[in-house]
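Subject: Handing over the structure

Hi,

Here is the structure I promised to pass on. Could you open it and keep it beside you while you read the rest?

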Amino acid sequence: MRKMVLLPAALALGLGGCSGDSMTPGGRDVLLGGAGGALAGAAIGSFTANAGVGALIGAGVGVVGGYLWNQHQVAERQAAERRQQQLDAAYQRGVQSGERQARSSN
């Protein structure tokens with residue numbers, strides 16, 4: 001009975017951190033990965049009569065997965081920003097070249 005009360009309380013406290021705008025995308029990814037992993041681990045662990053250990057293992061795997069996913073997203077955003085900077089620089093070089101050609105033809 002005690003475990004049945006502690007699990008919802010722990011979930012409420014853990015997911016309570018997701019509310020508001022104070023959480024970073026990285027923190028959210030890690031937390032959601034951990035929560036999802038814990039739920040999946042508990043479900044899988046319940047088949048072997050040890051849902052608690054399954055939840056702990058699942059939470060650990062989920063946290064690592066959430067962290068790796070976040071790092072992938074950060075790298076993708078940085079690559080997109082670099083591509084945009086290169087496009088902006090190429091555009092500016094084209095504009096300057098066009099202006100020079102227009103001045104020299106006058």
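Below is what turned up, starting with the whole chain and then going residue by residue.

A word on the ground rules. This is a predicted model, so local features need pLDDT of at least 70 and side-chain atom pairs count only at pLDDT 80 or more, while totals for chains, interfaces and linings use all residues. Residues are numbered from 1 along each chain as its sequence is written, and side-chain values use heavy atoms, with hydrogens and water left out.

The protein chain has 3 helices and 0 strands, and its pattern along the sequence is α-α-α. Helices here are DSSP runs (H or I, at least four residues; strands are E, at least two), numbered from the N terminus. The accessible surface is about 8,000 Å², with 64% of that belonging to carbon and sulfur atoms; areas come from the Shrake-Rupley method with a 1.4 Å probe.

Now for helix α2, residues 25-46. Its 22 residues should span 32 Å at 1.5 Å a residue, and the end C-alpha atoms are 31 Å apart, which agrees; the expected span is 1.5 Å times one less than the number of residues. The buried residues of α2 are Gly26, Asp29, Gly33, Gly34, Gly37, Gly41 and Gly45. They cover an arc of only 125° around the axis, so they sit on the same side of α2 (the arc is that of the directions from the helix axis to the C-beta atoms). Helix α3 is among what covers them.

Asn70 lies in α3, is buried at 8% relative accessible area, and touches Pro25, Gly26 and Asp29, leaving aside residues up to four places away in sequence; contact means heavy atoms within 4.5 Å. Ala55, also in α3, counts as buried at 19%. With the sequence neighbours up to four places away left out, Ala55 touches Gly37, Ala38, Gly41 and Ala42. Ala55 and Leu39 are 16 residues apart in sequence, with their C-alpha atoms 6.3 Å apart.

Val53, Ile57 and Val61 make a nonpolar surface patch of about 270 Å².

Cheers

Conventions. Patches are made of residues with over 30% relative accessible area and no salt bridge: like charges are joined within 9 Å, nonpolar side chains (Val, Leu, Ile, Met, Phe, Trp, Tyr) within 5 Å. A salt bridge is a side-chain nitrogen of Lys or Arg within 4 Å of a carboxyl oxygen of Asp or Glu. Buried means under 20% relative accessible area, exposed over 50%, partly exposed in between (1.4 Å probe, protein chains only).
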